[in-house]
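Work through the exercises below with the sequence and the 3D structure at hand. Try each task before reading its solution.

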2 protein chains.
Amino acid sequence: MEPGFGEPIDIFFGLRYDKKRLYMKLSEDRKVESKEISQAVISRLPRYFRYLGELKDEGIERVSSQELSDIMKVTASQIRQDFNNFGGFGQQGYGYKVEYLYEEIGKILGLDKEHRLIIIGAGNLGQALANYMNFERRGFIFRGIFDNNPSLYGKRIRDMAVRPMEELADFVKENNIDIAVLTIPKNSAVAVAEQLVRDGIKGIWNFAHVDLNVPESIQVENVHLSDSLMKLTYNIISYEQDGRKL
Amino acid sequence: MEPGFGEPIDIFFGLRYDKKRLYMKLSEDRKVESKEISQAVISRLPRYFRYLGELKDEGIERVSSQELSDIMKVTASQIRQDFNNFGGFGQQGYGYKVEYLYEEIGKILGLDKEHRLIIIGAGNLGQALANYMNFERRGFIFRGIFDNNPSLYGKRIRDMAVRPMEELADFVKENNIDIAVLTIPKNSAVAVAEQLVRDGIKGIWNFAHVDLNVPESIQVENVHLSDSLMKLTYNIISYEQDGRKL
């Protein structure tokens with residue numbers, strides 16, 4: 001493949017996680033209970049992970065909360081507060097050890113564990129996600145892709161034949177699937193999510209344009225693309241009207 | 001095309017906005033200044049818009065903040081507070097008029113205006129976005145798609161030939177492009193964003209895995225897919241460890 005914009009999957013997704021190194025430290029050494037940690041803090045963790053990965057790639061060994069603050073445009077106090085939720089990650093006076101911090105946050109994010117994943121919906125977006133992610137290298141094991149459109153059955157997407165929805169229940173159980181990626185219309189998404197819950201899925205990465213009602217035991221992360229685009233148009237309009245950023 | 005998961009674009013994206021009806025009310029009747037409105041409120045607007053669209057489709061004419069609260073799982077007080085940012089949208093004692101509220105929120109989101117849009121990066125995700133969105137019907141006018149990979153030049157995506165990046169600057173100016181969708185690797189994204197700023201773009205919908213530093217006058221909305229996936233794995237791991245949802 002030529003070096004076009006479409007190809008460099010890893011760079012695009014940025015899940016540059018070195019699992020070999022991680023396995024040397026088992027995640028049991030995470031001492032802090034996570035129960036009081038807000039979703040706001042959790043939302044910031046992947047961003048810390050991303051910036052620390054970049055510092056690591058640049059060969060930087062230590063970073064202070066002030067330096068992190070400068071590059072990430074959040075306050076140093078916010079960074080320290082966030083890290084304190086997980087025990088603080090070492091003495092701030094000396095700065096944080098970049099690689100250690102990167103690995104610890106990776107473990108907190110569950111990236112040292114394997115997650116078996118299927119995609120439901122073999123349309124453009126499902127195919128794009130299947131092709132973008134270098135799942136296997138990141139702990140995300142791509143195990144299958146499903147659709148309800150017979151004309152897609154057997155079509156190969158990243159060396160996986162598209163399977164009919166009728167096979168979903170058995171497949172999820174037999175392959176111990178953790179995560180389902182929903183790239184289907186909202187009308188189908190609710191019923192499919194209910195089935196996935198019955199079949200024992202742990203998490204749903206939901207691209208369908210609907211909020212799913214699932215039991216507390218099932219984790220859902222929504223990517224509502226049109227919501228994001230509307231927020232952009234709102235900010236464009238507002239800037240034009242007010243002449244400044246909100 | 002068969003009625004598979006991949007096809008029903010509009011349902012998937014949910015941008016079901018009836019522009020004809022909107023044009024009857026010009027957006028100049030929005031009386032409230034938006035300068036004090038937080039991004040948290042703005043983030044909730046598309047979700048209100050989505051639920052109101054569903055109520056409208058079901059033929060429901062009025063809805064109280066309590067009823068909205070029940071279906072949206074946010075407090076009625078939150079809803080009233082959010083709406084008060086924009087003047088309140090009518091007397092809450094009688095409930096809100098669904099269609100009026102839907103249209104007003106649509107206008108606030110800028111959906112009554114045309115937005116000329118290009119996609120930069122004709123890889124899987126760029127193609128998926130080009131194909132998913134029924135741009136023209138929603139006020140988003142898809143004007144072109146660009147890449148730096150010569151083997152893609154001229155390839156037709158939704159009846160648009162992929163253009164080389166060398167044509168970008170002139171194209172943005174000549175076609176008065178408002179929004180650029182960045183579906184390129186992070187290494188290219190920073191330079192491309194800088195060029196887009198020089199060329200006069202108003203907003204960037206950024207799928208590249210990097211935070212862009214642009215002037216205040218340029219609006220950026222990020223879709224960091226891997227951040228979202230990591231948040232999901234965090235919540236799965238945490239639930240397994242703590243036995244409950246955070």
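**Exercise 1. A lysine in a helix**

Locate K56(B), decide whether K56(B) is buried or exposed, and state how far K56(B) is from Q39(B).

Solution. The model is a predicted one.
Step 1: K56(B) is part of helix α3 of chain B.
Step 2: The cut-off for a buried residue is under 20% relative accessible area. K56(B) has 19% relative accessibility, so K56(B) counts as buried.
Step 3: Q39(B) and K56(B) are 17 residues apart along the chain, and their C-alpha atoms are separated by 26 Å.

**Exercise 2. A residue in a loop**

Repeat the analysis for I37(B), with E174(B) as the second residue.

Solution. 
Step 1: The loop between α2 (19–24) and α3 of chain B contains I37(B).
Step 2: I37(B) counts as buried because its relative accessibility is 4%.
Step 3: In sequence, I37(B) and E174(B) are 137 residues apart; in space, their C-alpha atoms are 34 Å apart.

**Exercise 3. The buried side of a helix**

Which residues of helix α4 of chain B are buried, and what covers them?

Solution. 
Step 1: Helix α4 of chain B spans residues 65–72, and its buried residues are S65(B), L68(B), S69(B) and M72(B).
Step 2: These residues cover an arc of only 105° around the axis, which means that they lie on the same side of α4(B).
Step 3: The cover over these buried residues includes α3 (39–57), β1 (62–63), α5 (76–84) and β2 (96–97) of chain B.
Step 4: After α4(B) comes K73(B), which has a positive phi near 60°.

**Exercise 4. Two helices in contact**

Describe how α3 and α6 of chain A are placed relative to each other, and which residues meet.

Solution. Two packed helices are described by the angle between their axes and by the distance between those axes.
Step 1: Helix α3 (residues 39–57) and helix α6 (residues 98–108) of chain A have axes that come within 9 Å and cross at roughly 145°.
Step 2: The crossing of α3(A) with α6(A) is left-handed.
Step 3: From α3(A), the residues in contact are L45(A), Y48(A), F49(A), L52(A), G53(A), L55(A) and K56(A); from α6(A), they are V98(A), E99(A), L101(A), Y102(A), I105(A), G106(A) and I108(A).
Step 4: Sorted by class, the contact of α3(A) with α6(A) has 10 nonpolar, two polar and two charged residues.

**Exercise 5. The sheet of chain A**

Give the strand order of the seven-stranded sheet in chain A, find its edges, and name helices that pack on the sheet.

Solution. Strands of a sheet pair through backbone hydrogen bonds, either parallel or antiparallel.
Step 1: The sheet is open, its order is β5-β6-β4-β3-β7-β8-β9 (chain A), and its pairing is mixed.
Step 2: β5 (156–157) and β9 (219–222) of chain A each have a single partner strand, so one side of each is left without a neighbour in the sheet and these two strands stand at the edges.
Step 3: β7 (residues 179–182) and β8 (residues 203–206) of chain A pair in the parallel sense over four bridges. In this pair, V181(A) has W205(A) as its bridge partner in β8(A).
Step 4: Helix α9 (residues 186–199) of chain A packs on the sheet, touches β3 (115–120), β7 and β8 of chain A, and makes about 175° with the direction of β7(A).
Step 5: Helix α11 (residues 225–242) of chain B also packs on the sheet, where it touches β3, β4 (140–147), β7, β8 and β9 of chain A; its direction makes about 170° with that of β9(A).

Note on methods. Residues are numbered from 1 along each chain as its sequence is written. Chains are lettered from A and ligands numbered from 1 in the order in which they are written. This is a predicted model: local features need pLDDT of at least 70, side-chain atom pairs count only at pLDDT 80 or more; totals for chains, interfaces and linings use all residues. Side-chain values use heavy atoms; hydrogens and water are left out. Axes are lines fitted to C-alpha atoms, for helices over the stretch in contact, and angles run from 0 to 180 degrees between N-to-C directions. A crossing is left-handed if the near helix is turned anticlockwise from the far one by less than a right angle, and right-handed if clockwise. Contact means heavy atoms within 4.5 Å. Ala, Val, Leu, Ile, Met, Phe, Trp, Tyr, Cys and Pro count as nonpolar, Asp, Glu, Lys and Arg as charged, and the others, Gly among them, as polar. Buried means under 20% relative accessible area, exposed over 50%, partly exposed in between (1.4 Å probe, protein chains only). The arc is that of the directions from the helix axis to the C-beta atoms. Two strands pair if DSSP finds at least two bridges between them.
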